[in-house]
Amino acid sequence: MSLDKLSKDLIKLANSIKNGKDSKEFLRKSGNKLKNKTLSVAKSRVNESTGNYIKSIKRGKVYDFKGALAVRTYSTAPHAHLIEYGYIKKDRTGKEHGFQRGKHVFMTAQKDFEDEFYNDTQNFIDDVLMKNEFK
């Protein structure tokens with residue numbers, strides 16, 4: 001492979017990646033996988049009735065974060081932070097009755113998902129290179 005052909009192939013690859021359609025689609029799919037992982041962790045860890053906590057877990061849109069594309073999974077429930085991080089139990093008079101530990105749903109799902117995301121990213125890169133006939 002000549003240096004000239006390599007540079008042309010690199011420019012072609014860069015132009016196809018710059019469009020970002022494939023990258024955004026990949027991130028949307030990965031965000032859905034993370035959301036499903038988060039839901040499974042939430043259903044297993046949060047046993048008691050928590051209102052609409054499970055229904056409130058959503059995948060956000062793909063957005064630009066510090067020059068790179070990103071997607072997030074979040075909860076729209078107003079009490080999600082209490083379930084995630086814990087809170088001090090108080091009665092009506094303000095007297096403290098202990099601490100309810102947090103369930104750390106999102107942190108656990110994130111750690112569980114890292115290896116799967118790494119493998120999916122490697123496969124995505126291979127697919128993009130093969131699709132653009134870059135060997």
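This report describes the pockets, a strand hairpin and the aromatic contacts of a predicted model.

## The largest pocket

The largest pocket has a volume of about 560 Å³. Its lining consists of 22 residues, and those nearest its centre are Leu34, Val71, Arg72, Thr73 and Gln110. Two or more lining residues come from each of the elements α2 (21-45), β3 (68-70), β4 (73-75), α3 (80-85) and α4 (105-131). Of these, α4 contributes the most, with six residues.

Sorted by class, the lining of the largest pocket comprises twelve nonpolar, seven polar and three charged residues.

## The second largest pocket

The second largest pocket has a volume of about 250 Å³. Helices α2 and α4 each provide at least two residues of its lining. Among the lining residues are Asp22, Glu25, Phe26 and Lys29, together with Asp120, Asn123, Phe124 and Asp127.

The classes in this second lining are three nonpolar, two polar and seven charged residues. Two of the lining residues, Phe26 and Phe124, also belong to an aromatic cluster, which is described below.

Strand β5 (residues 86-90) and strand β6 (residues 96-101) run antiparallel and are joined by four bridges. Within this arrangement, Gly86 stands opposite Arg101 in β6.

Five residues lie between the two strands of the hairpin. In this hairpin, Gly94 adopts a positive phi near 100°.

## Aromatic rings and their neighbours

Across the whole structure, a search finds four aromatic pairs. The ring centres of Tyr63 and Phe65 are 6.3 Å apart, and their planes meet at 80°; because planes over 60 degrees apart count as edge-to-face, this pair is assigned to that class. How accessible are the two residues of this pair, Tyr63 and Phe65? Tyr63 has a relative accessibility of 33% and therefore counts as partly exposed. Phe65 has a relative accessible area of 46%, so this residue is also partly exposed.

Four phenylalanine residues, Phe26, Phe113, Phe117 and Phe124, form one aromatic cluster. A further contact involves a charge and a ring: the charged end of Arg72 sits over the ring of Tyr74, at 4.2 Å from its centre.

Conventions. Residues numbered from 1 in each chain as written. Predicted model: local features only at pLDDT ≥ 70, side-chain atom pairs only at ≥ 80, totals over all residues. Heavy atoms only, no water. 1 Å grid on protein atoms, 1.4 Å probe; cavity = no way out; pocket = protein on both sides within 12 Å on 5 of 7 lines; lining within 4 Å. Points joined across faces, edges and corners; volume = space filled by probe spheres on them. Nonpolar A, V, L, I, M, F, W, Y, C, P; charged D, E, K, R; others polar. Pairing = 2+ DSSP bridges. Phe/Tyr/Trp six-rings, centres within 6.5 Å; stacked < 30°, edge-to-face > 60°. Buried < 20%, exposed > 50% of the residue type's maximum accessible area, 1.4 Å probe, protein only. Lys NZ or Arg CZ within 6 Å of the ring centre and 35° of its normal.
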